Amino acid sequence: MIFAILLMDRPGTADLRVKVRPEHRAYLGQQAERMAFAGPLTSEDGQTVTGSLLVMDFPSRAAVDEWLSNEPFTKAGVYEKPVIHVFNNMWAQKVGFPPAA
């Protein structure tokens, strides 16, 4: 089941985000085969990070919650309360996704 996970940053956590980012990326990397896409959300300047959007495959909402509870940004207090929804992709992707780095 695909889940869209919206994670907005708490105000004043930009420095904490930078500090914890290597752990965050490593943790995401452990689930690379489950990931449809993931990346930071930014303000309209395209530079100021305001949160994250993850779209990932999990067997259940409970599995999402368990995985997210151990996510480094969550554990460090970067994120506010997550918004999580089941996602059904109904449109073939044509634009907007650069090759994974």
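The model is predicted: local features need pLDDT of at least 70, side-chain atom pairs count only at pLDDT 80 or more, and totals for chains, interfaces and linings use all residues. Residues are numbered from 1 along each chain as its sequence is written, and side-chain values use heavy atoms, with hydrogens and water left out.

I stay with D9 for a moment. D9 lies in the loop between strand 1 (2-8) and helix 1 (14-29); helices (H or I, at least four residues) and strands (E, at least two) are DSSP runs numbered from the N terminus. The D9 side chain makes a polar contact of 2.7 Å with the side chain of R17. Such a contact is a pair of N or O atoms within 3.5 Å; within protein, one must be able to donate a hydrogen and the other to accept it, and residues adjacent in sequence count only if both atoms are side-chain atoms.

Strand 1 pairs with strand 4 in the antiparallel sense over 4 bridges, and F3 has V86 in strand 4 as its bridge partner.

Which rings form the aromatic cluster? Ring pairs link Y27, F58 and W67. Rings of Phe, Tyr and Trp (its six-membered ring) pair if their centres lie within 6.5 Å; planes under 30 degrees apart count as stacked, over 60 as edge-to-face and the rest as tilted. A search of the whole structure finds 3 aromatic pairs. For Y27 and W67, the centres are 5.0 Å apart and the planes are at 25 degrees, so this pair is stacked. Y27 belongs to helix 1 and W67 to helix 2, 40 residues apart. Y27 is buried at a relative accessible area of 15%, and W67 is buried at 7%. F58 and W67 form a tilted pair, 5.7 Å centre to centre with 50 degrees between the planes.

Notes:
Pairing = 2+ DSSP bridges. Buried < 20%, exposed > 50% of the residue type's maximum accessible area, 1.4 Å probe, protein only.
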